[in-house]
Amino acid sequence: MVGALSYSLYLWHWPLLVVAAARWGELSVTSGLLVVALSVLPAWLGHRYVEEPVRREPRLARAPGRALGVGLLCTVLAVASGGALVQAVDRQVRQSEQADGEAEGARALTTATPTAGARAGDLDADATGTPTAEPTHPEPPHAEPTPAESTPAEPTHAEPTYAETPGTAGAPGPPVIPLEPNPARITPDPLAATADVPVLYDQDCDGEAEGQVVRCDYGDPDGELVVALVGDSKIAQWTDAVDEIGRERGWRVHLYYRSACPWTAALLADADRAAACQEWGEEVAERLVGPDQPDVVVVSSVIGQAHRPDGAGETTQEAMTAGLAQRWEEVGAEGVPVVAVADSPAPGGQQVYACVAEHRGDVEVCAVPPNDGSGTPPLRAAAEQVDTAAFVTMNDWICPGDGDCPPVVGEVLVYRQGSHITNTYARSLAPVLADRLEHAFRTLGVGVPGTGLAG
């Protein structure tokens, strides 16, 4: 039976795998095997009602010329259909590329947020909680911020208060201008969203793939300020934005990235990568206090819980926090402070790009409930514990407004896969990110070119 269906299975399993991956994102081994198993049904139907009737058709068997003609017709139809599909995809890509240069992304938001990225628990603010320091590179003109409580409430996962967290120093996030995105101009096209990633993925920068610590360099190669980006895919998603910032503001940028490895001394729950991630983190720490020592380290991560370094006990947020704090204190003792960037809000079980592809005319159904992101609580807590650390959030710009997080802002798709934001949207946030990072650097005494501050 399987032997008879082998060719049909060969024809059917791959298209189904491609469609499933496009709809739900990268498939696990189990999911892939399930899709292959499901391909048995269409393979059997094709074998039973197409292959066998054609193969056993008496009129074709008696007339070889006619059989060749039918085969030729089928071949022409297949080639024509494939060519039409390629042209459609090429046209879609060209439209996306043309829109990329025009799509505003975060620039379409009205801005009501001053530069902010103060040290956790030590905000440079007046009695209302509004920052008093002026940024070196001000954000675009904005309305006066609404005063926040001077003692911010602890945010919860269900009701985060981004405007009251240290990263925004008491200022509200940007309100959203009501926008009706043109379905044909959403950038990147939702069907191509998973490919809208920073250039590092094409540059062999993943320490896991290389089996060692890898450093990739960005920004201004002659810049005065040396900034190291360290962590998993959540710091990686900001790489191109920080590269642009570095070239504009004189930063040399060193990236130390390893997939699914937050920079922590804690032991990850994933036993297959726990030891390797710990070893990678130790070697990165050694480099950061050695010849490659930067002026400041910028980190982020998506994992919220871990075991203690010895592997004992259950996974907890407290263990992850302690592991992050240990790494930051190691480099801080050698004069290298750390700025933690909040994890981006998680869209739950949905793949936003797939939802938008299905609901281009009504993208609001794909909105994401506001939340901190799984990796944010330990990052914020560790910054509060370490004197040489600061915390910055961009979540008021990733999830702007008072309600759910819009999936499309300024005709730019916000999410590409899981809780990762598209490279296009991240780059549109570069001016805001630059000002918040520089403000955080100054609170830590780190030199910023042009400010006259000592490193």
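**View 1. Tyr201, a partly exposed ring in this predicted model.** Tyr201 has a relative accessibility of 34%, so Tyr201 counts as partly exposed. The class runs between buried, under 20% relative accessible area, and exposed, over 50% (1.4 Å probe, protein chains only). Residues are numbered from 1 along each chain as its sequence is written. As the model is predicted, local features need pLDDT of at least 70 and side-chain atom pairs count only at pLDDT 80 or more, while totals for chains, interfaces and linings use all residues; side-chain values use heavy atoms, with hydrogens and water left out.

**View 2. The Tyr201–Tyr257 aromatic pair.** Two aromatic pairs occur in the structure. Rings of Phe, Tyr and Trp (its six-membered ring) pair if their centres lie within 6.5 Å; planes under 30 degrees apart count as stacked, over 60 as edge-to-face and the rest as tilted. The ring centres of Tyr201 and Tyr257 are 5.9 Å apart with planes at 80°, so this pair is edge-to-face. Tyr201 sits in the loop between α5 (64–100) and α6 (207–210), and Tyr257 in strand β3, so the pair ties together parts 56 residues apart in sequence. Helices (H or I, at least four residues) and strands (E, at least two) are DSSP runs, numbered from the N terminus. Tyr257 is buried, at 2% relative accessible area.

**View 3. The Trp251–Phe441 aromatic pair.** This pair is tilted: 5.4 Å centre to centre, 50° between the planes. Trp251 belongs to strand β3 and Phe441 to helix α15 (residues 430–443), so the contact ties together parts 190 residues apart in sequence. Both Trp251 and Phe441 are buried.

**View 4. Strand β3 and its partners β1 and β2.** Six of the seven residues of β3 (residues 251–257) are buried. Strands pair if DSSP finds at least two bridges between them. Strand β1 (residues 215–219) pairs with β3 in the antiparallel sense, over five bridges. Strand β2 (residues 225–231) runs parallel to β3, joined by seven bridges. Tyr256 in β3 stands opposite Arg215 and opposite Val230.

View 5. The chain has a mean pLDDT (the predictor's confidence in each residue, from 0 to 100) of 79, and 71% of its residues reach 70 or more. Where pLDDT is low, the predicted coordinates should not be read in detail.
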